[in-house]
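Got a new structure on screen and wondering where the labels come from? Let's go through some of them together.

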Amino acid sequence: MSALLTSDPGPLTALAALLAAYLIGSFPNAYIIVKKVAGEDITSHGSGNVGAMNVRRTTGSWGWFVVAMAADFLKGFIPVVAAKGLVVKTLAALVEPWGEALGRADVAWLTSPGLLIPMAAVTGAVLGHNYSLWLGIAKRRFVRTGKGLATGAGALLAYDWRYFAAVLVVGLVVIATTRYMMAGQVAASLTLPMAALVLRSPDWPFALAMGLVVYAAHHKRFMGLLAGREPKFYIHDRQGPRG
């Protein structure tokens, strides 16, 4: 057992963390907000995504955008904090960057289910937002529902604040420079594995996998951006492409 951990949980605990985070991440905050506020189906507006920016496009309100953003952020942050709290020994270990903690671990993280539990929570939360089970049941079809940015950001802050800071700074700088939100979103997803490599964190394969998951959700419209079909500062309903 690693000295980082309070116990030596088995693979089923990591699987349970993945599933619990997925169910939390699946909760369609933006869909419910738009239904209550505007009586509309968010998936029929703007980009079609169940996310904060599409709340802005559908309701025209920056206030509801902030509410949706915060709610999506928390459904990534809370499961990962809970997952770390389940396995670490001290409060200091709870807030320590997980990539840094893994570098001090006395066992390989790939062979320790306990060390995998925070990663499982990050993965579950992001996949839940991107492919919502609850929305799939409600609409009787299972499709991609989000892009994982706000939920992924919340999960990253809880998992390793250094990754969160790198992704946030690069994403905002690219948006400010190019004036294309899509460019900043893609840059943020690609920054994650690069940050892990620069920091020499042993969990860089996990960071690469999560970066690719988020990029995959943006790929279609990113190709549209390269082809000149993406509008700058796409914030209004019907202004830009679906996807």
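This is a predicted model: local features need pLDDT of at least 70, side-chain atom pairs count only at pLDDT 80 or more; totals for chains, interfaces and linings use all residues.

Q: Why are α3 and α4 called roughly antiparallel to each other?
A: The axes of α3 (residues 52–59) and α4 (residues 62–87) cross at roughly 160°. Angles over 145 degrees count as roughly antiparallel, so α3 and α4 are roughly antiparallel to each other. Their axes come within 8 Å, and the crossing is right-handed.

Q: How do you know that α3 and α4 meet, and which residues are involved?
A: Contact means heavy atoms within 4.5 Å. On the α3 side, A52, M53, V55, R56 and T59 take part. They meet W62, W64, F65, A68, M69 and D72 in α4. Sorted by class, that contact has eight nonpolar, one polar and two charged residues.

Q: What makes α1 roughly antiparallel to α4?
A: Again, look at the angle: α1 (residues 11–25) and α4 pack at about 160°, with their axes 9 Å apart. The cut-off for roughly antiparallel is over 145 degrees, and therefore α1 is roughly antiparallel to α4. The crossing is right-handed. T13, A21, I24 and G25 of α1 make the contact with K75, P79 and L86 of α4. By class, this contact has four nonpolar, two polar and one charged residues.

Q: What are the angle and the axis distance for α4 and α9?
A: These two helices pack at an angle of about 35°, and their axes are 7 Å apart. The crossing of α4 and α9 is right-handed. From α4, the contact uses M69, D72, F73, K75, G76, F77, V80, V81 and K84. From α9, A150, T151, A153, G154, A155, L157, A158 and Y159 join in. That contact has eleven nonpolar, three polar and three charged residues.

Q: What makes a space a cavity rather than a pocket?
A: In a cavity, a 1.4 Å probe fits but cannot get out, whereas a pocket is an open set. Searching the whole structure turns up one cavity of 30 Å³ or more. The largest cavity holds about 30 Å³ of space.

Q: Which residues line the largest cavity, and what classes are they?
A: The lining is made up of S26, P28, V50, K75, H129, S132 and T145. By class, that comes to two nonpolar, four polar and one charged residues. Glance back at K75 of α4, which is also part of the contact with α1.

Q: What is the volume of the largest pocket, and which residues are closest to its centre?
A: Its volume is about 890 Å³. It is lined by 43 residues, and the closest to its centre are M69, G148, L149, A150 and Q185. Elements giving two or more residues to the lining include α3, α4, α7 (113–130) and α9 (149–159). Also among them are α10 (161–178), α11 (181–198) and α12 (204–226).

Q: Which helix gives the most to the lining of the largest pocket, and how do the classes divide?
A: That's α11, with seven residues. By class, the pocket lining has 25 nonpolar, 14 polar and four charged residues.

Key. Residues are numbered from 1 along each chain as its sequence is written. Side-chain values use heavy atoms; hydrogens and water are left out. Axes are lines fitted to C-alpha atoms, for helices over the stretch in contact, and angles run from 0 to 180 degrees between N-to-C directions. Helices (H or I, at least four residues) and strands (E, at least two) are DSSP runs, numbered from the N terminus. Angles under 35 degrees count as roughly parallel, over 145 as roughly antiparallel, 65 to 115 as roughly perpendicular and the rest as oblique. A crossing is left-handed if the near helix is turned anticlockwise from the far one by less than a right angle, and right-handed if clockwise. Ala, Val, Leu, Ile, Met, Phe, Trp, Tyr, Cys and Pro count as nonpolar, Asp, Glu, Lys and Arg as charged, and the others, Gly among them, as polar. On a 1 Å grid over the protein atoms alone, a cavity is a set of points where a 1.4 Å probe fits but cannot get out, and a pocket is an open set with protein on both sides within 12 Å along at least five of seven lines; lining residues have an atom within 4 Å of a point. Grid points are joined across faces, edges and corners, and a volume is the space filled by probe spheres set on the points.
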